[in-house]
Amino acid sequence: MFRGTSITLRVLAHSIRHIGTPFSTSAVAALAQPNAALDLDPTLRALLQDIDISLTSHKHVMAKRSPRELEPVAIEYPEEAKDAENFVEDHSERSEHRKSPAARFGSQKIGAVVMPTELQKSITALIDASDKVQLHSDATRLFFHESEGWDHSYDVKYRSRKQGARHSDRDGTAFASVVLPAHYSAICAVLHHVKHRLGSQWNVQHVIDWGSGVGSGLWASTNTFQKPTSASEEPRLSTSNIFTYLGIDKRDGLVAIGKRLLRDTDLGALSATWQRSFREDDKIKRSEGLDTLALSAFMLSTLQTPLARKKFVKELWESGAHTIVLIDHKTKAGFQNIAEAREYLLEMGRKELNDPETSDWPVRGAHVVAPCPHDGACPLYSGKSVSLVCGFSQRLQRPSFVRLTKHAREGHEDIEYSYIAIQRGPRPSIVGEGISTQVSSVGRVGAVGREEAEQIGLKEERVTKELLLDVDHVETRHEAEATDHIPLEILPAGNPEEVEAALRNEAFHWPRLVFPPLKKSGHIIIDACTAEGKIMRITIPKSQGKQPFYDARKSSWGDIFPHPPKNRPQEKFQSTREGGSRGDDIGKRAKGRDRTKGDKRYSKVEEALKERKMASRRDRAVQKEHSVLLAER
């Protein structure tokens, strides 16, 4: 009843607001002569006014539809979103702070590589001037394989000069849009790591790039070595610390594209030149090559014969550059090329040390900066065949032109590579000049270790107070024990620069993780290349301490690990027999890989059972004859 009355009142109020007196026959007359107000009862008028107020103040709540897939959604609470981002950043910083300083030094990476804006604009302008459909067709023809997917190797040979002139520009554009970003990210990762290991004293101002191509080494080196600027500024070619760049490449099509990418870019003080070969007058004296880098990325794989690769590596050595960096693909052939180049460069360094004619040279010999912690033979390279590869991976945030050219949906890609960085001179010792042995042991304890030390101190204090009743004696003894218990590395270490210099020298002898660690609940298993020149399996259990276990749990593939193991490490060998043997391989294995797969046909099973019965009959007959002979004796 009440519901029907309320509906009737609403209809009446609506009619009163919009309808006056009965309709007139003329619209003009109705406008000129407004309808007179109705004479309503005061009680009814008050009720209708209340209904009018409730209707005008009512808000219709529309049901919100769920957003579609990939549809941008506006953030309703920006303050909460900002707080969430700050929480993630604070959490990551806190996680890094909980590591020991030595573990932070050994695991510092650059994250996902983002191509500089200058380079992206240059490549985008190059692509805009070309045919998009033809570009995708060329990229697929050159770098896509149905079985392996996209490949970043480039080895194109033209039948004639006319064909080369006709296709070189198109192939160079495809190379710049597909391969250049991948090569750029790998070179950046290597140079940043070597720069981190060598410190500010490694000040590169001149770069010689063999196999420069479209200039991936130019862009990577200039963005790695920048003048001191604010952290918010993006690296540019004009602010680079490099003054001269010499690119050496016989592929004229790629070189032409590399020059076009620099056409509308501000180079500043940088002088970039290309030539087809390395001349005699390009060599640098040993005393003047400290600020020179000899770089070659993904060039060794294009050389077909071992003699050509050996000649190529010798040319890098004779250039006079103080630091030599070689990068190749993470394949068996690429790793074999890097291992052979490493062995040859170290051999030439040993010849210099043993040659009496070079005794007056300012710098003699050579040592490996990264990734190896030793200068001996590579334990993963036997000289004949390669079954395991020492390589690493770097993630790249794909620019839009890479996704469009490849017709890819993913916003990132991982580039795998093998490399070697060699510097002239002997390997640095664990204790550097002017650094005491006491300081060189600093850096093994972070926030986790300090929390553990505080808990141990509080526990000892509580036990001591329960056992001893003399308050004065308790306080005196506790202060002495607390000072003796806390390790030297927890106490203030002094100058941070000396600590960092000590860690940098020690890092030349820390084991390198050549495979992803196996993380269990109570221990961490690490397969690493050690300073002894062996692949060792290092186990870090919880009982070793919270700080070493935390650092091992946060370690990843490619890090250098500073903590010595609690137990004796186990040396790992590569299998030399066909099919291998159980437990003698290195690294992470798939389940069932070393399980023998026999023939499960019923005929084979029946033959095996018959053979077993015959063998048992023969054994019984032999035993019977043997017992008869014994009885006769």
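Select R98 and E451 to start: the two form a salt bridge, with their closest N and O atoms 3.2 Å apart. A salt bridge here is a side-chain nitrogen of Lys or Arg within 4 Å of a carboxyl oxygen of Asp or Glu. R98 lies in helix α4 (residues 78–98) and E451 in helix α15, so the pair ties together parts that are 353 residues apart in sequence. Helices (H or I, at least four residues) and strands (E, at least two) are DSSP runs, numbered from the N terminus.

This is a predicted model, in which local features need pLDDT of at least 70 and side-chain atom pairs count only at pLDDT 80 or more, while totals for chains, interfaces and linings use all residues. Residues are numbered from 1 along each chain as its sequence is written, and side-chain values use heavy atoms, with hydrogens and water left out.

**Around the first pair**

Colour the two residues by accessibility. R98 counts as buried, at 17% relative accessibility, whereas E451 counts as partly exposed, at 33%.

Now select R444 and S100. Their C-alpha atoms are separated by 5.3 Å, although the two residues are 344 residues apart along the chain. R444 is in the loop between α14 (437–440) and α15 (447–467). With 14% relative accessibility, R444 counts as buried.

Next, select residues 412–424, which make up β10. Is this strand enclosed or open? Ten of its 13 residues are buried, so β10 is largely enclosed by the rest of the structure.

Show the neighbouring strands one at a time. Two strands pair if DSSP finds at least two bridges between them.

- Strand β7 (residues 323–329) pairs with β10 in the antiparallel sense, over seven bridges. Within this pairing, V325 has A421 of β10 as its bridge partner.
- β8 also runs antiparallel to β10, and four bridges join them. Here A370 stands opposite A421.
- β9 and β10 are antiparallel too, joined by six bridges. Look at S393, which stands opposite E416 in β10.

**Salt bridges at E413**

Stay on β10 and select E413. Which side chains meet E413 in salt bridges? One is R398, at 2.9 Å from N to O. E413 lies in strand β10 and R398 in the loop between β9 and α13, so this pair ties together parts that are 15 residues apart in sequence. Another is K406, with an N to O distance of 3.2 Å. E413 and R398 are both buried, and K406 is buried as well.

Side chains of opposite charge can pair when their charged atoms come close. A search of the whole structure finds 21 salt bridges. For a set with several members, select D138, R141, R170 and D171, which are linked in a network of salt bridges.

Go to H407, in the loop between α13 (400–406) and β10. H407 has a positive phi of about 55° although it is not a glycine. Is H407 buried or exposed? At 57% relative accessibility, H407 counts as exposed.

Compare F298, in the loop between β6 (292–297) and α11 (306–317). F298 is not a glycine, yet its phi is positive, at about 60°. F298 counts as buried, with 7% relative accessibility.

Then select A370 and P371. The peptide bond joining them is cis, with omega about 0°. P371 is placed in the loop between β8 (366–370) and β9 (392–397).

**Last stop: a charged patch**

R553 is partly exposed, with a relative accessible area of 35%.

Technical notes: Buried means under 20% relative accessible area, exposed over 50%, partly exposed in between (1.4 Å probe, protein chains only).
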